[in-house]
Amino acid sequence: MSAKQLLCNTELMSDIANDLQSQGIASLRFDFNGHGKSEGEFQNMTVLNEIEDLEDVISWAEASRG
């Protein structure tokens with residue numbers, strides 16, 4: 001399995017997240033805009049868009065902490 005296939009393996013990522021949770025470790029998975037099940041077109045992605053996406057994810061996570 002290539003590194004790209006490994007990173008795109010959502011079942012593997014889900015298993016890792018579940019294993020972390022069972023050990024009391026929080027994790028957060030997301031797709032950048034234009035990737036996976038997210039909205040947007042891949043060809044319109046830029047590094048600046050990915051930075052903005054990540055900042056939005058971080059803001060959401062901070063606001064969601066209990």
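Guide: Leu54 lies in helix α3, which covers residues 47-64. Helices here are DSSP runs of H or I with at least four residues, and strands are runs of E with at least two, numbered from the N terminus. This is a predicted model, in which local features need pLDDT of at least 70, side-chain atom pairs count only at pLDDT 80 or more, and totals for chains, interfaces and linings use all residues. Residues are numbered from 1 along each chain as its sequence is written, and side-chain values use heavy atoms, leaving out hydrogens and water.

Leu54 counts as partly exposed because its relative accessibility is 36% (buried is under 20% relative accessible area, exposed over 50%, partly exposed in between, with a 1.4 Å probe and protein chains only). Setting aside neighbours within four places in sequence, Leu54 is in contact with Phe30 and Phe32 (heavy atoms within 4.5 Å). Leu54 and Asn33 sit 21 residues apart along the chain, and 9.8 Å separates their C-alpha atoms.

Together with Phe30 and Ile58, Leu54 forms a nonpolar patch of about 230 Å². Patch members have over 30% relative accessible area and no salt bridge; like charges are joined within 9 Å, and nonpolar side chains (Val, Leu, Ile, Met, Phe, Trp, Tyr) within 5 Å. Areas come from the Shrake-Rupley method with a 1.4 Å probe, and for residues only the protein chains shown count as cover.

Now take Asp53, also in helix α3. Asp53 is buried, yet has no salt bridge (a side-chain nitrogen of Lys or Arg within 4 Å of a carboxyl oxygen of Asp or Glu). Its nearest side chain of opposite charge is Arg29, 16 Å away. Lys and Arg count as positive, Asp and Glu as negative; His and the chain ends are not counted. Beyond residues up to four places away in sequence, Asp53 touches Phe32, Asn33 and Met45.

Ile51 lies in helix α3 too. Ile51 is partly exposed because its relative accessible area is 43%. From Ile51 to Phe32 the C-alpha distance is 9.3 Å, across 19 residues of sequence.

Now the whole chain. The chain has three helices and zero strands, running α-α-α from the N terminus. Buried residues make up 8% of its 66 residues. The accessible surface comes to about 5800 Å², with 54% belonging to carbon and sulfur atoms. Of contacts between residues at least 6 apart in sequence, 15% join residues at least 24 apart.

Last, confidence. Mean pLDDT (the predictor's confidence in each residue, from 0 to 100) is 81 for the chain, and 79% of residues reach 70 or more. Helix α3 has the highest mean, 90, while helix α1 (residues 3-8) has the lowest, 59. Where pLDDT is low, the predicted coordinates should not be read in detail.
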